[in-house]
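Welcome! Please take a look at the structure below before reading on.

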Amino acid sequence: MDSEEIERIAVLGAGNMGHGIAEVAALAGYTVTMRDINEEFVQNGYDQIEWSLDKLAEKDQISRGEADSALDRVTPVVDLSEAVGDADVVIEAVPEKMDIKKEVYREVAEHAPSEAIFATNTSSLSITELSEVSDRPEQFCGMHFFNPPVRMQLVEVISGAHTADDTLDTIEALAESMGKTPVRVRKDSPGFIVNRILVPLMNEAAWIVRGDDATVAEVDSTTKFDLGLPMGSFELADQVGIDVGYHVLEYMHQELGDAYRPCPLLAEKVEAENLGKKTGKGFYDYENGGADIPTDAGRDDVAERLLAVVANEVAGLVDADVADPDAIDQAVKLGAGFPDGPAKMADDHGLESLVETLDE
Ligand code: 3HC
């Protein structure tokens with residue numbers, strides 16, 4: 001299918017990412033059905049879109065009329081066949097579990113038109129493996145947005161082993177029509193580009209605190225005010241959803257080895273259902289003011305450790321030929337708002353001391 005033929009988009013999942021993607025698609029003029037498994041979830045997602053559109057209109061980023069018509073273009077539904085029955089593109093953003101996603105694709109394949117493209121917003125899982133349970137592996141690819149989708153510029157477009165070039169071209173053009181910048185990921189590798197950098201960063205932050213080497217405030221002050229990232233490491237974990245980061249780590253651990261073992265601090269938060277902003281509480285309490293990061297509690301040893309992990313992930317991506325340093329820097333700047341790309345940050349800091357820190 002050509003991108004100009006796309007009119008109707010089905011978004012599966014109305015959570016943090018699903019409702020954000022539905023909003024972005026509706027703002028771009030597409031007719032959107034947003035589906036979740038019950039009325040409460042789907043209504044909650046719809047309310048969040050309304051909140052976000054209001055916020056954008058309040059700040060004059062869009063007009064009130066644009067906000068109203070974008071909301072009118074979104075239909076919240078529970079019935080899967082109704083959601084995908086006449087979709088040109090299905091964007092799936094259901095929980096980050098291989099079994100759940102496979103189950104969804106088996107069912108979607110039964111109801112979607114044969115020419116529809118399936119795009120998964122998975123944060124890390126194998127596109128090839130997911131495509132193989134659908135009935136159209138050639139019309140299947142990754143289309144990975146970043147949280148919050150309405151604010152973050154990047155969309156990673158990921159090919160599976162069976163994806164046709166036409167499919168990738170169409171999805172790239174679709175991302176562009178939504179005002180986003182697509183970056184093509186050369187290899188279907190766990191975490192693709194941006195999460196391969198961010199998720200180990202959040203894990204290392206947790207290990208630092210778990211080992212009593214620094215406090216959450218010190219780590220976040222270092223991340224935000226010394227390294228200059230837009231959010232503290234724990235603030236970011238809360239923004240993304242601690243469960244999402246944890247599931248990505250579990251998968252990376254399984255696929256890439258022990259260096260990616262999730263820190264128990266994250267498991268404890270998931271167990272207690274303190275998942276971050278979306279549940280009102282994570283590392284910070286969002287019912288009582290949210291993240292309040294001191295500007296002056298940064299520490300050089302923490303910066304060194306965080307940067308060493310980031311540099312190591314850059315090296316891993318280059319080594320495995322997933323992306324070159326320029327593409328990594330571009331993706332992380334657009335997807336995670338880093339002022340400088342991680343490869344440049346590592347070079348500026350000096351690789352020798354980072355290697356020593358990694359050895360330690
Ligand atoms: N819609 C509309 N408004 C929103 C919003 C949304 N979805 N989310 C936040 N806002 C509003 C806030 O309510 C706030 O409004 P207020 O000022 O009235 O309180 C305002 O936006 C904040 O905007 P600012 O521009 O003032 O704030 P910042 O300059 O801090 O920017 C940010 C916010 C763009 C989120 C920035 O902090 C950032 O770039 N953070 C990094 C986020 C990131 O790394 N995302 C990627 C995570 S990884 C991922 O998603 C992949 C997944 O697979 C795990």
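How do the residues of the lining of the second largest pocket divide into nonpolar, polar and charged? There are seven nonpolar, three polar and six charged residues. Please keep in mind that this is a predicted model, where local features need pLDDT of at least 70, side-chain atom pairs count only at pLDDT 80 or more, and totals for chains, interfaces and linings use all residues. Residues are numbered from 1 along each chain as its sequence is written, and side-chain values use heavy atoms, with hydrogens and water left out.

**The second largest pocket**
- This pocket holds about 300 Å³ of space; a pocket is an open set of points on a 1 Å grid over the protein atoms alone, with protein on both sides within 12 Å along at least five of seven lines.
- Of its 16 lining residues, N203, E204, A259, Y260 and V309 are the closest to the centre; a lining residue has an atom within 4 Å of a point.
- The elements that give two or more residues to this lining are α8 and α13; helices are DSSP runs (H or I, at least four residues), numbered from the N terminus.

**The cavities**
- Searching the whole structure turns up two cavities of 30 Å³ or more; in a cavity, a 1.4 Å probe fits but cannot get out.

**Where α8 meets α12**
- α8 and helix α12 (residues 264-271) pack at an angle of about 100°, their axes 8 Å apart; axes are lines fitted to C-alpha atoms over the stretch in contact, and angles run from 0 to 180 degrees between N-to-C directions.
- That makes α8 roughly perpendicular to α12, a label for angles of 65 to 115 degrees.
- N203, A206, W207, V209 and R210 in α8 meet P264, L265, L266 and E268 in α12; contact means heavy atoms within 4.5 Å.
- By class, this contact has six nonpolar, one polar and two charged residues.

Key: Points joined across faces, edges and corners; volume = space filled by probe spheres on them. Parallel < 35°, antiparallel > 145°, perpendicular 65-115°, else oblique. Nonpolar A, V, L, I, M, F, W, Y, C, P; charged D, E, K, R; others polar.
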